[in-house]
Amino acid sequence: MLAPMRIVLVGPPGSGKGTQGPVIAETLGVPYLSTGDLLREQVAAGTPLGRRVADMVERGELVPDDLMLQVVAAALDGDDGYVLDGFPRTVPQALSTEEAGSPVGAPDVAVHLTLPDAVVHRRLEGRAREGGRADDADPEVIDRRLRVYAEQTEPLLAHYRARDMLVSVDGDQPRDQVTEAVLTALEERRRRG
Ligand code: AMP
């Protein structure tokens with residue numbers, strides 16, 4: 001039997017990670033975990049973790065790396081394969097998965113969902129109008145999240161490219177076509193071994 005795949009999704013807010021992630025995870029038979037969803041649930045439930053991260057999540061600032069590693073390790077609870085949406089989000093987070101004995105095993109493939117800036121803004125404005133997420137409603141917070149993405153998350157692309165782990169997929173297509181493109185790219189990777 002093939003080992004369960006470990007996939008991380010990387011892309012700007014609005015690039016479709018939360019739409020594609022669950023479908024890809026179900027197809028591959030591995031758990032899907034969105035760290036943003038997990039943190040928002042903790043905030044809403046008023047747990048100690050939620051209270052600790054509430055301000056950061058609301059403002060679109062990153063939660064400290066070591067705390068995030070613990071949160072993801074606890075959520076995966078020993079599962080081998082995964083589709084992660086929102087983690088790793090910084091190079092230090094990626095490095096923490098690559099350490100020997102890390103509670104979150106390093107991914108096999110990083111899928112980069114690409115999206116032009118103008119489309120990112122349009123999608124986030126649409127999401128804001130639909131309501132739901134507080135951090136989608138405030139233009140200042142949206143700007144901060146895009147800045148944080150450019151400064152702290154985009155360097156992950158070079159990190160994974162240098163390790164030959166990066167696959168880029170055009171996220172500016174109808175959702176089924178994005179899914180198909182991701183699954184085809186993963187299949188190809190798997191064949192290559
Ligand atoms: P998201 O739903 O992925 O956009 O995440 C929403 C918010 O949760 C982010 O703006 C951060 O405040 C926090 N967050 C989610 N994942 C991470 C992570 N891997 N590292 C640090 N903060 C995170």
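The lining of the second largest pocket in this predicted model is made up of seven nonpolar, three polar and two charged residues. Its members include Pro12, His112, Thr114, Leu146 and Tyr149. Strand E4 (109-114), H6 and H8 each contribute at least two residues to this lining. The space in the second largest pocket comes to about 200 Å³.

The largest pocket has a volume of about 1000 Å³. A total of 44 residues line the largest pocket, and Pro13, Lys17, Asp85, Arg127 and Arg133 lie nearest its centre. By class, this lining holds 16 nonpolar, 16 polar and 12 charged residues. Helix H2 gives the most to the lining of the largest pocket, with five residues. Other elements that supply at least two residues each include strand E1 (6-10), helix H1 (17-28) and helix H10 (175-192).

The ligand sits in the largest pocket. Around the ligand there are 17 residues, and those that come nearest are Thr35, Glu61, Gly86, Arg89 and Gln93. This shell consists of seven nonpolar, five polar and five charged residues. H2 gives the most here, with four residues, and helix H3 (48-59) supplies at least two.

| Residue | Protein atom | Ligand atom | Distance |
|---|---|---|---|
| Glutamate 61 | backbone N or O | oxygen | 2.6 Å |
| Valine 63 | backbone N or O | nitrogen | 3.0 Å |
| Arginine 89 | side-chain N or O | oxygen | 2.9 Å |

Taken alone, the ligand exposes 480 Å², and the protein buries 96% of that area.

Conventions
Residues numbered from 1 in each chain as written. Predicted model: local features only at pLDDT ≥ 70, side-chain atom pairs only at ≥ 80, totals over all residues. Heavy atoms only, no water. Near = heavy atom within 4 Å. Polar contact = N/O pair within 3.5 Å; in protein donor to acceptor, adjacent residues only side chain to side chain. Areas by Shrake-Rupley, 256 points an atom, 1.4 Å probe, with all protein chains shown as cover. 1 Å grid on protein atoms, 1.4 Å probe; cavity = no way out; pocket = protein on both sides within 12 Å on 5 of 7 lines; lining within 4 Å. Sits in = over half its atoms within 2 Å of the grid points. Nonpolar A, V, L, I, M, F, W, Y, C, P; charged D, E, K, R; others polar. Points joined across faces, edges and corners; volume = space filled by probe spheres on them.
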